[in-house]
Amino acid sequence: MSALHLHCSTLFDGTGLHTRQRQTLIIEDGVIRHVGPTAEAPRPQPGDREAHGQFVMPGLVDVHTHLAFGNAQSEEDIDIWTSDEFRALRGLFFAQHVLAAGVTSMVCPGDSGQLSIAVRNTVNAGLFEGPRIAASSRVITNRQSLNDWFPTRVGAPEYFTAALVTSRDDAIAQIRKQAKDGVDLIKIAMDGTHRRPNGEIIAAFTADETREMVYEAHRLGCRVATHAYGREAVMCAAKAGVDLVFHAFYMDDACIEALLEAGSVLAPTMTFPQNTVDFCQPHDPAISTGYAAYCARTLELGAPVLKRAKAAGVPFACGSDSGFAVTPYGEWHARELELLVRHLDFTPAEALFAATHVGARLMPRGETLGTLEPGKQADLLVLDGSPLDDIRILQDRARLQAVYKAGEPVRLQRTAYNPKQVSDFNSLKWTDLYTRDRVSELGKWRL
(Lines give C-alpha, C1' and ligand atoms only; values in the text may rest on other atoms or scores of the structure.)
Protein backbone atom coordinates (compact mmCIF):
# COMPACT_ATOMS: atom_id res chain seq x y z
CA MET A 1 0.00 0.00 0.00
CA SER A 2 1.28 3.48 -0.80
CA ALA A 3 2.56 5.71 1.98
CA LEU A 4 1.80 9.35 2.72
CA HIS A 5 4.79 11.66 3.30
CA LEU A 6 3.51 14.69 5.23
CA HIS A 7 6.08 17.49 5.37
CA CYS A 8 5.50 19.77 8.36
CA SER A 9 6.88 23.28 8.72
CA THR A 10 6.10 23.02 12.45
CA LEU A 11 5.22 19.80 14.27
CA PHE A 12 3.56 19.63 17.70
CA ASP A 13 3.67 15.90 18.33
CA GLY A 14 1.85 15.88 21.69
CA THR A 15 4.60 14.08 23.58
CA GLY A 16 5.40 17.27 25.46
CA LEU A 17 5.05 21.03 25.14
CA HIS A 18 7.69 21.54 22.49
CA THR A 19 7.55 21.85 18.70
CA ARG A 20 10.00 20.78 16.03
CA GLN A 21 10.65 22.44 12.71
CA ARG A 22 10.85 20.92 9.22
CA GLN A 23 9.72 17.42 10.11
CA THR A 24 8.27 14.66 7.94
CA LEU A 25 5.69 12.07 8.97
CA ILE A 26 5.48 8.89 6.93
CA ILE A 27 2.09 7.20 7.27
CA GLU A 28 1.23 3.74 6.04
CA ASP A 29 -1.85 1.59 6.67
CA GLY A 30 -3.23 4.31 8.93
CA VAL A 31 -0.23 4.20 11.27
CA ILE A 32 2.73 6.54 11.63
CA ARG A 33 5.85 4.66 10.54
CA HIS A 34 8.43 7.44 10.72
CA VAL A 35 8.87 10.88 12.27
CA GLY A 36 12.02 12.91 11.77
CA PRO A 37 13.76 15.83 10.11
CA THR A 38 12.66 16.29 6.53
CA ALA A 39 16.27 16.43 5.33
CA GLU A 40 16.88 12.94 6.73
CA ALA A 41 13.55 11.31 5.88
CA PRO A 42 13.35 8.33 3.51
CA ARG A 43 12.51 9.37 -0.03
CA PRO A 44 9.02 8.70 -1.39
CA GLN A 45 8.72 5.51 -3.40
CA PRO A 46 6.75 5.16 -6.65
CA GLY A 47 3.05 5.45 -5.84
CA ASP A 48 3.60 7.28 -2.53
CA ARG A 49 1.78 10.54 -1.88
CA GLU A 50 3.20 13.81 -0.55
CA ALA A 51 1.50 16.65 1.31
CA HIS A 52 2.63 19.77 3.14
CA GLY A 53 1.40 21.49 6.27
CA GLN A 54 2.34 24.70 8.05
CA PHE A 55 1.38 23.44 11.55
CA VAL A 56 0.66 19.77 12.24
CA MET A 57 -0.65 18.40 15.53
CA PRO A 58 -2.60 15.38 16.85
CA GLY A 59 -6.36 15.36 16.38
CA LEU A 60 -8.39 16.83 19.21
CA VAL A 61 -10.00 14.66 21.88
CA ASP A 62 -13.29 16.01 23.27
CA VAL A 63 -14.06 14.08 26.44
CA HIS A 64 -17.57 15.51 26.89
CA THR A 65 -19.86 15.22 23.86
CA HIS A 66 -23.43 13.94 24.09
CA LEU A 67 -24.44 12.32 20.81
CA ALA A 68 -27.95 11.60 22.10
CA PHE A 69 -28.91 15.19 22.83
CA GLY A 70 -29.33 16.52 19.30
CA ASN A 71 -28.52 20.19 20.10
CA ALA A 72 -31.34 20.18 22.63
CA GLN A 73 -33.00 23.32 23.96
CA SER A 74 -34.30 21.60 27.09
CA GLU A 75 -34.27 18.34 29.01
CA GLU A 76 -37.67 17.50 27.52
CA ASP A 77 -36.12 17.92 24.08
CA ILE A 78 -33.51 15.33 25.03
CA ASP A 79 -35.72 12.71 26.62
CA ILE A 80 -39.28 12.90 25.32
CA TRP A 81 -39.70 14.02 21.74
CA THR A 82 -37.58 11.52 19.80
CA SER A 83 -37.22 7.75 19.64
CA ASP A 84 -33.98 5.90 20.31
CA GLU A 85 -33.86 4.90 16.66
CA PHE A 86 -34.08 8.52 15.48
CA ARG A 87 -31.54 9.62 18.08
CA ALA A 88 -29.07 7.00 16.85
CA LEU A 89 -29.36 8.07 13.21
CA ARG A 90 -29.15 11.72 14.21
CA GLY A 91 -26.14 10.94 16.41
CA LEU A 92 -24.33 9.33 13.49
CA PHE A 93 -25.06 12.41 11.37
CA PHE A 94 -23.72 14.78 14.01
CA ALA A 95 -20.67 12.60 14.71
CA GLN A 96 -19.53 13.53 11.22
CA HIS A 97 -19.86 17.24 12.10
CA VAL A 98 -17.70 16.59 15.17
CA LEU A 99 -15.01 14.91 13.10
CA ALA A 100 -15.03 17.70 10.51
CA ALA A 101 -14.28 20.14 13.34
CA GLY A 102 -10.97 18.37 14.03
CA VAL A 103 -12.17 16.09 16.85
CA THR A 104 -10.79 12.71 15.85
CA SER A 105 -11.68 11.09 19.20
CA MET A 106 -14.49 11.77 21.63
CA VAL A 107 -15.93 10.47 24.87
CA CYS A 108 -19.75 10.26 25.07
CA PRO A 109 -20.44 10.45 28.82
CA GLY A 110 -24.11 9.73 29.26
CA ASP A 111 -26.32 8.51 26.50
CA SER A 112 -29.61 7.01 25.40
CA GLY A 113 -29.72 3.22 25.48
CA GLN A 114 -27.04 1.87 23.17
CA LEU A 115 -26.80 4.94 20.94
CA SER A 116 -23.09 5.74 21.20
CA ILE A 117 -22.30 2.01 21.29
CA ALA A 118 -24.09 1.63 17.95
CA VAL A 119 -22.45 4.70 16.42
CA ARG A 120 -19.04 3.57 17.67
CA ASN A 121 -19.51 0.10 16.18
CA THR A 122 -20.79 1.52 12.89
CA VAL A 123 -17.78 3.82 12.56
CA ASN A 124 -15.35 1.08 13.61
CA ALA A 125 -16.85 -1.22 10.97
CA GLY A 126 -16.11 1.39 8.31
CA LEU A 127 -19.75 1.80 7.32
CA PHE A 128 -19.74 5.56 7.92
CA GLU A 129 -17.17 8.22 8.65
CA GLY A 130 -16.86 9.46 12.22
CA PRO A 131 -14.47 10.02 15.10
CA ARG A 132 -13.22 7.32 17.42
CA ILE A 133 -15.74 6.98 20.25
CA ALA A 134 -15.60 5.98 23.89
CA ALA A 135 -19.20 4.88 24.32
CA SER A 136 -21.42 4.91 27.38
CA SER A 137 -25.08 4.42 28.18
CA ARG A 138 -27.58 5.99 30.58
CA VAL A 139 -26.16 8.14 33.37
CA ILE A 140 -26.46 6.44 36.73
CA THR A 141 -28.46 8.84 38.85
CA ASN A 142 -30.01 9.11 42.31
CA ARG A 143 -32.67 11.31 43.85
CA GLN A 144 -30.20 14.15 44.47
CA SER A 145 -28.45 13.78 41.11
CA LEU A 146 -28.45 16.26 38.26
CA ASN A 147 -30.13 13.81 35.90
CA ASP A 148 -33.19 13.02 38.01
CA TRP A 149 -35.00 15.77 36.12
CA PHE A 150 -38.59 14.72 36.17
CA PRO A 151 -41.22 14.65 38.93
CA THR A 152 -41.31 11.60 41.16
CA ARG A 153 -44.68 10.63 39.72
CA VAL A 154 -43.02 10.36 36.28
CA GLY A 155 -39.94 8.48 37.43
CA ALA A 156 -37.23 7.55 34.95
CA PRO A 157 -38.61 5.46 32.08
CA GLU A 158 -36.26 3.28 30.06
CA TYR A 159 -36.09 5.82 27.26
CA PHE A 160 -34.66 8.55 29.52
CA THR A 161 -30.95 9.30 29.33
CA ALA A 162 -30.65 8.63 33.05
CA ALA A 163 -31.01 5.32 34.89
CA LEU A 164 -32.47 6.02 38.32
CA VAL A 165 -31.06 3.69 40.98
CA THR A 166 -32.44 3.70 44.50
CA SER A 167 -30.28 1.01 46.11
CA ARG A 168 -26.79 -0.41 45.88
CA ASP A 169 -28.16 -3.52 44.25
CA ASP A 170 -29.86 -1.38 41.59
CA ALA A 171 -26.63 0.49 40.92
CA ILE A 172 -24.50 -2.64 40.60
CA ALA A 173 -27.10 -4.30 38.36
CA GLN A 174 -27.17 -1.24 36.08
CA ILE A 175 -23.37 -1.22 35.82
CA ARG A 176 -23.34 -4.91 34.94
CA LYS A 177 -26.04 -4.38 32.31
CA GLN A 178 -24.13 -1.54 30.68
CA ALA A 179 -20.89 -3.53 30.74
CA LYS A 180 -22.67 -6.42 29.04
CA ASP A 181 -24.00 -4.06 26.37
CA GLY A 182 -20.45 -3.02 25.57
CA VAL A 183 -19.86 0.42 27.05
CA ASP A 184 -16.34 1.77 27.42
CA LEU A 185 -17.37 4.18 30.16
CA ILE A 186 -19.85 4.38 33.03
CA LYS A 187 -21.03 7.85 34.03
CA ILE A 188 -22.33 8.62 37.52
CA ALA A 189 -24.18 11.85 38.33
CA MET A 190 -22.58 12.53 41.69
CA ASP A 191 -24.52 15.67 42.53
CA GLY A 192 -27.07 18.14 41.23
CA THR A 193 -28.92 21.17 42.53
CA HIS A 194 -29.72 19.99 46.07
CA ARG A 195 -27.98 22.06 48.74
CA ARG A 196 -27.66 22.22 52.49
CA PRO A 197 -28.77 25.37 54.35
CA ASN A 198 -25.19 26.65 54.21
CA GLY A 199 -25.26 26.45 50.39
CA GLU A 200 -23.04 23.39 50.03
CA ILE A 201 -24.03 21.07 47.19
CA ILE A 202 -25.10 17.65 48.48
CA ALA A 203 -23.59 14.52 46.96
CA ALA A 204 -26.16 12.11 45.59
CA PHE A 205 -24.22 9.01 46.65
CA THR A 206 -22.27 8.28 49.80
CA ALA A 207 -18.55 7.56 49.74
CA ASP A 208 -19.18 3.85 50.28
CA GLU A 209 -21.80 3.67 47.52
CA THR A 210 -19.49 5.47 45.12
CA ARG A 211 -16.59 3.19 45.97
CA GLU A 212 -18.68 0.08 45.33
CA MET A 213 -19.91 1.37 41.96
CA VAL A 214 -16.45 2.39 40.78
CA TYR A 215 -14.93 -0.88 41.93
CA GLU A 216 -17.51 -2.89 40.00
CA ALA A 217 -17.13 -0.80 36.84
CA HIS A 218 -13.35 -1.15 36.96
CA ARG A 219 -13.63 -4.87 37.68
CA LEU A 220 -15.68 -5.21 34.50
CA GLY A 221 -13.13 -3.28 32.44
CA CYS A 222 -14.99 0.04 32.19
CA ARG A 223 -13.72 3.50 33.00
CA VAL A 224 -15.81 5.81 35.19
CA ALA A 225 -16.67 9.48 34.72
CA THR A 226 -18.60 11.62 37.16
CA HIS A 227 -20.57 14.83 37.02
CA ALA A 228 -19.42 16.55 40.22
CA TYR A 229 -19.74 20.26 40.94
CA GLY A 230 -19.51 20.28 44.72
CA ARG A 231 -16.79 19.52 47.24
CA GLU A 232 -18.50 16.43 48.66
CA ALA A 233 -19.12 14.84 45.27
CA VAL A 234 -15.59 15.49 44.02
CA MET A 235 -14.11 14.04 47.19
CA CYS A 236 -16.24 10.89 47.00
CA ALA A 237 -15.36 10.45 43.34
CA ALA A 238 -11.63 10.94 43.88
CA LYS A 239 -11.52 8.66 46.93
CA ALA A 240 -13.25 5.98 44.86
CA GLY A 241 -10.62 6.30 42.12
CA VAL A 242 -12.75 7.54 39.22
CA ASP A 243 -10.98 8.08 35.93
CA LEU A 244 -12.56 11.36 34.87
CA VAL A 245 -14.17 14.14 36.92
CA PHE A 246 -16.24 16.80 35.18
CA HIS A 247 -16.59 20.37 36.45
CA ALA A 248 -15.35 20.46 40.10
CA PHE A 249 -15.99 24.20 40.30
CA TYR A 250 -16.81 24.07 44.02
CA MET A 251 -14.14 21.64 45.22
CA ASP A 252 -11.50 22.57 47.81
CA ASP A 253 -7.79 21.92 48.29
CA ALA A 254 -8.44 18.59 50.00
CA CYS A 255 -10.20 17.48 46.83
CA ILE A 256 -7.15 18.47 44.80
CA GLU A 257 -4.97 16.24 46.97
CA ALA A 258 -7.43 13.36 46.56
CA LEU A 259 -7.51 13.80 42.77
CA LEU A 260 -3.73 13.74 42.66
CA GLU A 261 -3.58 10.59 44.76
CA ALA A 262 -6.18 8.87 42.57
CA GLY A 263 -4.59 9.98 39.30
CA SER A 264 -7.98 11.21 38.11
CA VAL A 265 -8.25 13.42 35.04
CA LEU A 266 -10.17 16.68 35.47
CA ALA A 267 -12.26 18.20 32.66
CA PRO A 268 -13.91 21.39 33.94
CA THR A 269 -16.00 21.82 30.76
CA MET A 270 -16.13 25.60 30.90
CA THR A 271 -17.42 25.94 27.34
CA PHE A 272 -21.05 25.25 28.27
CA PRO A 273 -21.35 27.86 31.04
CA GLN A 274 -19.22 30.40 29.14
CA ASN A 275 -21.36 30.07 26.01
CA THR A 276 -24.46 30.46 28.16
CA VAL A 277 -23.06 33.69 29.59
CA ASP A 278 -21.79 35.05 26.29
CA PHE A 279 -24.45 34.04 23.78
CA CYS A 280 -27.88 34.01 25.46
CA GLN A 281 -30.33 36.67 24.29
CA PRO A 282 -32.69 38.59 26.59
CA HIS A 283 -35.65 36.38 25.64
CA ASP A 284 -33.84 33.14 26.47
CA PRO A 285 -35.17 31.47 29.64
CA ALA A 286 -31.55 31.12 30.81
CA ILE A 287 -31.62 34.88 31.36
CA SER A 288 -35.05 35.24 32.96
CA THR A 289 -34.53 32.29 35.32
CA GLY A 290 -31.11 33.50 36.44
CA TYR A 291 -29.32 30.44 35.03
CA ALA A 292 -26.91 32.53 32.95
CA ALA A 293 -26.00 34.56 36.04
CA TYR A 294 -25.43 31.30 37.93
CA CYS A 295 -23.09 30.15 35.15
CA ALA A 296 -21.14 33.41 35.38
CA ARG A 297 -20.84 33.08 39.14
CA THR A 298 -19.77 29.43 38.84
CA LEU A 299 -16.94 30.34 36.46
CA GLU A 300 -15.87 33.19 38.72
CA LEU A 301 -15.80 31.05 41.86
CA GLY A 302 -14.38 27.99 40.16
CA ALA A 303 -11.41 29.57 38.41
CA PRO A 304 -9.19 30.03 41.51
CA VAL A 305 -9.50 26.43 42.74
CA LEU A 306 -9.09 25.05 39.21
CA LYS A 307 -5.92 27.13 38.86
CA ARG A 308 -4.63 25.59 42.07
CA ALA A 309 -5.44 22.12 40.74
CA LYS A 310 -3.49 22.85 37.58
CA ALA A 311 -0.54 24.20 39.57
CA ALA A 312 -0.59 21.10 41.80
CA GLY A 313 -0.26 18.81 38.77
CA VAL A 314 -3.78 17.46 38.33
CA PRO A 315 -4.05 16.36 34.67
CA PHE A 316 -6.63 18.33 32.66
CA ALA A 317 -8.52 17.19 29.56
CA CYS A 318 -10.82 19.19 27.30
CA GLY A 319 -14.58 18.74 27.09
CA SER A 320 -17.16 21.01 25.47
CA ASP A 321 -20.50 19.50 26.61
CA SER A 322 -21.55 19.57 22.97
CA GLY A 323 -25.09 18.49 22.14
CA PHE A 324 -27.03 21.43 23.55
CA ALA A 325 -28.43 24.38 21.63
CA VAL A 326 -25.74 26.56 23.20
CA THR A 327 -22.97 24.07 22.27
CA PRO A 328 -23.97 22.65 18.87
CA TYR A 329 -22.01 19.78 17.36
CA GLY A 330 -19.01 20.76 15.31
CA GLU A 331 -18.96 24.36 16.55
CA TRP A 332 -17.30 24.88 19.93
CA HIS A 333 -15.15 21.81 20.64
CA ALA A 334 -11.93 23.85 20.51
CA ARG A 335 -13.23 26.70 22.67
CA GLU A 336 -12.34 24.79 25.82
CA LEU A 337 -8.66 25.25 24.93
CA GLU A 338 -9.18 29.00 24.70
CA LEU A 339 -10.88 29.00 28.12
CA LEU A 340 -8.08 27.00 29.73
CA VAL A 341 -5.72 29.72 28.54
CA ARG A 342 -8.02 32.62 29.42
CA HIS A 343 -9.34 31.48 32.80
CA LEU A 344 -6.80 28.99 34.19
CA ASP A 345 -3.44 30.39 33.02
CA PHE A 346 -2.60 27.48 30.73
CA THR A 347 -0.08 28.22 28.04
CA PRO A 348 -1.33 27.41 24.53
CA ALA A 349 1.05 24.43 24.47
CA GLU A 350 -0.39 23.13 27.76
CA ALA A 351 -3.91 23.48 26.34
CA LEU A 352 -2.92 21.50 23.23
CA PHE A 353 -1.40 18.82 25.46
CA ALA A 354 -4.63 18.60 27.48
CA ALA A 355 -6.73 18.30 24.33
CA THR A 356 -4.59 15.58 22.79
CA HIS A 357 -2.21 13.60 25.02
CA VAL A 358 -4.29 13.72 28.21
CA GLY A 359 -7.67 13.25 26.53
CA ALA A 360 -6.41 10.13 24.77
CA ARG A 361 -6.06 8.42 28.16
CA LEU A 362 -9.85 8.16 28.34
CA MET A 363 -10.23 6.45 24.95
CA PRO A 364 -10.28 2.74 24.11
CA ARG A 365 -6.74 1.84 23.10
CA GLY A 366 -5.73 5.30 24.19
CA GLU A 367 -2.10 4.27 24.20
CA THR A 368 -2.23 4.38 20.38
CA LEU A 369 -3.72 7.91 20.27
CA GLY A 370 -2.97 11.46 21.30
CA THR A 371 0.60 11.80 20.01
CA LEU A 372 2.33 11.68 16.64
CA GLU A 373 4.97 8.99 17.12
CA PRO A 374 5.95 5.85 15.22
CA GLY A 375 3.42 3.11 15.89
CA LYS A 376 0.60 5.52 16.76
CA GLN A 377 -2.62 6.03 14.81
CA ALA A 378 -2.26 8.79 12.21
CA ASP A 379 -5.02 11.06 13.56
CA LEU A 380 -3.90 14.62 12.97
CA LEU A 381 -4.75 18.19 12.01
CA VAL A 382 -3.08 20.46 9.48
CA LEU A 383 -3.48 24.16 10.27
CA ASP A 384 -2.70 27.33 8.36
CA GLY A 385 -1.12 29.09 11.33
CA SER A 386 0.05 28.21 14.82
CA PRO A 387 -2.36 27.80 17.76
CA LEU A 388 0.69 28.40 19.95
CA ASP A 389 0.57 32.02 18.75
CA ASP A 390 -3.23 32.26 18.94
CA ILE A 391 -5.14 29.34 20.46
CA ARG A 392 -8.35 30.60 18.81
CA ILE A 393 -7.05 29.52 15.40
CA LEU A 394 -8.49 26.09 16.21
CA GLN A 395 -11.98 27.66 16.09
CA ASP A 396 -11.43 29.17 12.64
CA ARG A 397 -12.67 26.79 9.94
CA ALA A 398 -10.69 28.72 7.32
CA ARG A 399 -7.44 27.87 9.12
CA LEU A 400 -8.18 24.14 9.38
CA GLN A 401 -6.69 22.88 6.15
CA ALA A 402 -7.06 19.14 6.71
CA VAL A 403 -8.16 16.51 9.21
CA TYR A 404 -6.71 13.02 8.93
CA LYS A 405 -8.06 9.98 10.70
CA ALA A 406 -6.00 6.80 10.37
CA GLY A 407 -3.99 8.53 7.66
CA GLU A 408 -6.97 9.30 5.45
CA PRO A 409 -8.26 12.85 4.83
CA VAL A 410 -11.67 13.62 6.28
CA ARG A 411 -14.39 15.42 4.34
CA LEU A 412 -14.59 18.88 5.91
CA GLN A 413 -17.82 19.95 4.19
CA ARG A 414 -20.80 19.68 6.52
CA THR A 415 -24.30 18.75 5.46
CA ALA A 416 -26.79 21.49 6.30
CA TYR A 417 -29.89 20.62 8.31
CA ASN A 418 -33.11 22.21 9.51
CA PRO A 419 -33.14 22.16 13.34
CA LYS A 420 -36.92 22.19 13.37
CA GLN A 421 -36.81 18.75 11.75
CA VAL A 422 -33.87 17.49 13.78
CA SER A 423 -33.90 18.87 17.32
CA ASP A 424 -36.35 21.62 18.16
CA PHE A 425 -39.47 19.59 18.90
CA ASN A 426 -40.58 21.39 22.05
CA SER A 427 -44.14 22.63 22.13
CA LEU A 428 -43.20 25.86 23.93
CA LYS A 429 -45.10 28.75 22.34
CA TRP A 430 -44.25 31.77 24.49
CA THR A 431 -41.25 32.82 26.62
CA ASP A 432 -42.92 35.73 28.38
CA LEU A 433 -46.11 36.43 30.36
CA TYR A 434 -48.17 38.85 28.33
CA THR A 435 -50.08 40.81 30.95
CA ARG A 436 -51.52 44.18 30.01
CA ASP A 437 -48.65 45.85 31.82
CA ARG A 438 -46.09 43.75 29.97
CA VAL A 439 -47.45 44.32 26.47
CA SER A 440 -47.80 48.03 27.26
CA GLU A 441 -44.15 48.02 28.31
CA LEU A 442 -43.28 46.39 25.00
CA GLY A 443 -45.23 49.06 23.13
CA LYS A 444 -47.62 46.50 21.63
CA TRP A 445 -50.89 47.56 23.32
CA ARG A 446 -52.51 50.56 24.93
CA LEU A 447 -55.97 51.57 26.10
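Axes are lines fitted to C-alpha atoms, for helices over the stretch in contact, and angles run from 0 to 180 degrees between N-to-C directions. Helices (H or I, at least four residues) and strands (E, at least two) are DSSP runs, numbered from the N terminus. The model is predicted: local features need pLDDT of at least 70, side-chain atom pairs count only at pLDDT 80 or more, and totals for chains, interfaces and linings use all residues. Residues are numbered from 1 along each chain as its sequence is written, and side-chain values use heavy atoms, with hydrogens and water left out.

**View A. Helices H11 and H12 pack at an angle of about 140°.** Helix H11 covers residues 335-344, helix H12 covers residues 348-360, and their axes are 9 Å apart. H11 and H12 are therefore oblique to each other; angles under 35 degrees count as roughly parallel, over 145 as roughly antiparallel, 65 to 115 as roughly perpendicular and the rest as oblique. Leu337, Leu340 and Val341 of H11 make the contact with Pro348, Ala351, Leu352, Ala354 and Ala355 of H12, where contact means heavy atoms within 4.5 Å. These contact residues divide into 8 nonpolar, no polar and no charged. Ala, Val, Leu, Ile, Met, Phe, Trp, Tyr, Cys and Pro count as nonpolar, Asp, Glu, Lys and Arg as charged, and the others, Gly among them, as polar.

**View B. Helices H4 and H5 pack at an angle of about 20°.** H4 (residues 168-181) and H5 (residues 207-219) have axes 10 Å apart. The two helices, H4 and H5, are therefore roughly parallel to each other. H4 passes H5 in a right-handed crossing. Residues in the contact include Ile172 and Arg176 of H4 and Glu212 and Met213 of H5. The contact of H4 with H5 divides into 5 nonpolar, no polar and 7 charged residues.

**View C. Strands E5, E6 and E7 form an open sheet in that order, with parallel pairing.** Two strands pair if DSSP finds at least two bridges between them. The edge strands, E5 (60-62) and E7 (132-134), each pair on one side only. Neighbouring strands of this sheet are turned by 20° against each other on average, direction ignored. E6 (residues 103-107) is joined to E7 by 3 bridges, and Met106 stands opposite Ile133 in E7.

**View D. Val119 of helix H3 (residues 115-124) is the residue shown here.** Val119 is buried, with a relative accessible area of 2%; buried means under 20% relative accessible area, exposed over 50%, partly exposed in between (1.4 Å probe, protein chains only). Not counting residues up to four places away in sequence, Val119 touches Leu67, Ala88, Gly91, Leu92, Ala95 and Ile133. Val119 and Ile133 are 14 residues apart in sequence and 8.1 Å apart in space, C-alpha to C-alpha.

**View E. Strand E10 (residues 185-189) is mostly covered, with 5 of its 5 residues buried.** Leu185, Lys187 and Ala189 lie on one side, and Ile186 and Ile188 on the other. E10 runs parallel to strand E13 (residues 223-230), joined by 5 bridges. Ile186 stands opposite Val224 in E13.

Note on methods: Left-handed = near helix turned anticlockwise from the far one by under 90°.
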